[in-house]
Amino acid sequence: MNLAIQKCREAGVGVVTAKGSNHYGIAGFYGLMAKQAGLIGISMTNTSPLQVPTRAKVCTLGTNPLSVVAPATGDDCYALDMATTTVALGKIEVARRKGEDLPAGWGCDAQGIESRQADPVLNGGGLFPLGGAEISGGYKGYGLALMVELLCGILSGATWGPHIRSWQASNETRVADLGQFFMALDPNVFGEGFSGRLQMLMDEHRALEPIDGQDSVLIPGDLAKTHEKLCQDSGGIPYHKA
């Protein structure tokens, strides 16, 4: 992202891809780097196959997360950081440990059929694309995952899709060779007042009347900022009681 920011300073837009990489941590971290420079930051990566495409039976795509971060006024910002699967694999593992049923749309068994049990998803099945099954719009998440693969694996020359090494396989000897995509955009190149206009958009949504049982309507990134403040005020990361 540092190189993308440098290129952006020179041309208004900077785009960089990486190959031969590995797990790059939090997708939103790189967008926040651009935000600190007053720029819009976009970041995404491919990952080991964990996602079963719509109408398929085997995992050929990863969770393939993407992030878009844009500066509003003051220290406020829009900070989207999301996987292109409905949930991360860890949530399936937690449900299995707790002995809980899975919510609809999380994963499928080895035949590509939606499963409400964790074991079939973890043993031969896989994660559903964002949206779940085809009838509930999962093909859209599948399309987004392919978009990430296009920009990260194919464009960069890295390993892609089903050819990426398996996740946490004890007998895996291949290098990861993940691909990543970084973009920085200078909003001032496109026109004046971007941050103020974005702030108005976010404030309009935060001011909406929430549904019963909820305190407020949130903008992507609000929950993370609330938890960050909690950790700062607590002097550490709070853990639930065992």
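Student: How many bridges join strand β2 to strand β3, and which way do the two strands run?

Tutor: Some conventions come before the answer. This is a predicted model, in which local features need pLDDT of at least 70 and side-chain atom pairs count only at pLDDT 80 or more, while totals for chains, interfaces and linings use all residues. Residues are numbered from 1 along each chain as its sequence is written, and side-chain values use heavy atoms, with hydrogens and water left out.

Strand β2 covers residues 40-45 and strand β3 residues 66-71; four bridges join them, and they run antiparallel. Strands are DSSP runs of E with at least two residues, helices are DSSP runs of H or I with at least four, and both are numbered from the N terminus. Two strands count as paired if DSSP finds at least two bridges between them.

A residue is buried under 20% relative accessible area, exposed over 50%, and partly exposed in between, using a 1.4 Å probe and protein chains only. Six of the six residues of β2 are buried, so the strand is largely enclosed by the rest of the structure. In a regular strand the side chains alternate between the two faces of the sheet. In β2, Ile 40, Ile 42 and Met 44 lie on one side, Gly 41, Ser 43 and Thr 45 lie on the other, and all are buried, which leaves both faces covered.

The chain between β2 and β3 also deserves attention. Most residues other than glycine have a negative phi. Asn 64, in the loop between β2 and β3, is not a glycine, yet its phi is positive, at about 40 degrees. Asn 64 is buried, with a relative accessible area of 0%. Arg 55 lies in that loop too, and its phi, near 75 degrees, is again a positive value in a residue other than glycine. Arg 55, however, is exposed, at 74% relative accessibility.

Arg 55 also takes part in a salt bridge with Glu 134, with the closest N and O atoms 2.7 Å apart. A salt bridge here is a side-chain nitrogen of Lys or Arg within 4 Å of a carboxyl oxygen of Asp or Glu, and by this rule the count comes to nine. The partner Glu 134 is in the loop between β6 (126-127) and α5 (138-156), 79 residues from Arg 55, so the pair links distant parts of the chain. Glu 134 is partly exposed, at 34% relative accessibility.

Beyond β3, the loop between β3 and β4 holds Asp 76, whose partner Lys 225 lies in helix α7 (residues 222-234), so the pair ties together parts that are 149 residues apart in sequence. Asp 76 is buried, with a relative accessible area of 16%, whereas Lys 225 is partly exposed, at 30%. Lys 225 forms another salt bridge with Asp 222, at 3.7 Å between the closest N and O atoms; both residues lie in α7, three residues apart, about one turn of the helix. Asp 76, Asp 203, Arg 206, Asp 222 and Lys 225 are linked in a network of salt bridges.
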